[in-house]
Amino acid sequence: VAQASGQEADYIRTRAQDNDFYRKQIVDFIKKFESASRADVERLLLDKLSDGLSQKQKMSKIDNLLAGMRRTDIIQNVGSRKVSKWVLGSRMPDK
């Protein structure tokens, strides 16, 4: 439908990537720069998240990604709740 109506770019912008894509972005950032603040993660992901999401939904998505990665020890928060500093955990993926 998108192709037939010339809306291919809009379709790509509004469709969501899978969570593995976003997790890999975060891990790659931390590997390169040793840590990431919450602001770093937001700058990294906000423009990559679906345009179909509201700003509040995008922030919730980032919250959920970070929480899930923390629970599985892919990343650890070594900062405070207000000033997060994310580093790689013991179960960092090899990819």
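These legends walk through a few views of a predicted model.

**View 1. The whole chain, end to end.** Start with the overall layout: the chain has four helices and three strands. Read from the N terminus, the elements go α-α-β-α-α-β-β. Of the chain's 95 residues, 25% count as buried. The exposed surface comes to about 6,600 Å², with carbon and sulfur atoms supplying 50% of it. As for contacts between residues at least 6 apart in sequence, 45% of them link residues at least 24 apart.

**View 2. Inside the largest nonpolar core.** Here we zoom in on a core of 16 residues, where Ile26, Val41, Leu45, Leu66 and Ile75 have the most contacts inside it.

**View 3. Ile75 and the residues it touches.** Leaving aside residues up to four places away in sequence, Ile75 touches Ile30, Leu66, Met69, Arg70, Trp86, Val87, Leu88 and Gly89. Leu66 is also among the residues with the most contacts inside the largest nonpolar core.

View 4. Searching the whole structure turns up two aromatic pairs. Phe21 and Tyr22 make an edge-to-face pair, 5.4 Å from centre to centre with 75 degrees between the planes. Tyr22 has 1% relative accessibility, so it counts as buried, while Phe21, at 30%, counts as partly exposed.

**View 5. Phe29 and Phe33, a tilted pair.** These two rings, of Phe29 and Phe33, have centres 4.9 Å apart and planes at 50 degrees, so the pair is tilted. Phe29 and Phe33 are about one helical turn apart because they sit four residues apart in helix 2.

Definitions and conventions
Residues numbered from 1 in each chain as written. Predicted model: local features only at pLDDT ≥ 70, side-chain atom pairs only at ≥ 80, totals over all residues. Heavy atoms only, no water. Core = buried A, V, L, I, M, F, W, Y, C linked by side-chain atoms within 4.5 Å. Buried < 20%, exposed > 50% of the residue type's maximum accessible area, 1.4 Å probe, protein only. Contact = heavy atoms within 4.5 Å. Phe/Tyr/Trp six-rings, centres within 6.5 Å; stacked < 30°, edge-to-face > 60°. Helix = DSSP H or I, 4+ residues; strand = E, 2+ residues; numbered from the N terminus. Areas by Shrake-Rupley, 256 points an atom, 1.4 Å probe, with all protein chains shown as cover.
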